[in-house]
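Hello,

Please have a look at the structure below. My notes on it follow.

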Amino acid sequence: MPAGGFGIDVESVAESLQGAAGTETGTRRDTVRIALTKGRLEKKTLALLKSAGYDISELEAGSRKLIFALPDTGVEIVLAKAADVITYVEHGVCDMGVVGKDTIMEKGGSFYEMVDLGFGKCRFALATKKGKDVYGGYQTPVIATKYPAVTKAFFNRKNMDVETIKIEGSVELAPLLELADAIVDIVETGTTLKENGLEVIEDVAPISARVIVNLASAKLKKAAIQKVIAELESGLEG
Ligand code: PRP
């Protein structure tokens, strides 16, 4: 049968949209802007950039500055809190980000998760007071956590109904104060649990630092982004 049709070159549309938006909503075409998570991952990410051959002396000098241009590379580093790394990358004001899988699992979003950097290793675990039977009572178990989305997804997979209570820090307090039957939290060395008389009942998910990439940048700056990723991977091997 005779038929008509049309196609759209999505990459050209994205390119002209970015051009129209100027530099306010996107990054410059000749720059790769990377958002790094401040805090726990910061030191290891900077060490990785250094072993990948980048001059990070300005970052090492220690200041309250938040944006750094790495000399002679076209790479810019932005320091942000973990959840904000995702926000900046999703909105395209940063092309790439380094963020923990914990934040990715909790916040979600539209971006490519490209590389597991293998550091910042820890895990999400369900834990409670030593000897306590979390599932033993007649009432719906109460789980305290900084990560309600991760917790709900975990118990959904088990087809179990739980009540979650959001805690902002030191979640280990919740079962000790009898606010909750158990916690879902990050366990790294296990010291915090041990020193507070708590123990892991079950592992929920492994965590490590990941490289994420903005959806449009992945196409529009493909070569430059792949170059940065290759350099980071070479730094990992070195
Ligand atoms: C995290 C986590 C645990 C602790 C686990 O807290 O929430 O409390 O680290 O580490 P460990 O197994 O090596 O003892 P963080 O230090 O980030 O502080 P917070 O509790 O104030 O969020």
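**Notes on the model**

Asp30 lies in the loop that joins helix H1 (10–21) to strand E1 (32–37); helices (H or I, at least four residues) and strands (E, at least two) are DSSP runs, numbered from the N terminus. This is a predicted model, in which local features need pLDDT of at least 70 and side-chain atom pairs count only at pLDDT 80 or more, while totals for chains, interfaces and linings use all residues. Residues are numbered from 1 along each chain as its sequence is written, and side-chain values use heavy atoms, with hydrogens and water left out.

Asp30 counts as exposed because its relative accessibility is 53% (buried is under 20%, exposed over 50%, partly exposed in between, with a 1.4 Å probe and protein chains only). The C-alpha atoms of Asp30 and Gly74 are 6.5 Å apart, although 44 residues separate the two along the chain.

Now the ligand. Which residues come nearest to the ligand? Of the 13 around it, they are Lys146, Glu172, Asp185, Thr189 and Thr192 (a residue is near if one of its heavy atoms lies within 4 Å). By class, this shell holds two nonpolar, six polar and five charged residues (Ala, Val, Leu, Ile, Met, Phe, Trp, Tyr, Cys and Pro count as nonpolar, Asp, Glu, Lys and Arg as charged, and the others, Gly among them, as polar). Strand E9 gives the largest share of the shell, three residues.

Oxygen atoms of the ligand lie 2.6 Å from a side-chain N or O atom of Glu172, 2.7 Å from a backbone N or O atom of Gly190 and 2.4 Å from a side-chain N or O atom of Thr192.

Regards

Technical notes: Polar contact = N/O pair within 3.5 Å; in protein donor to acceptor, adjacent residues only side chain to side chain.
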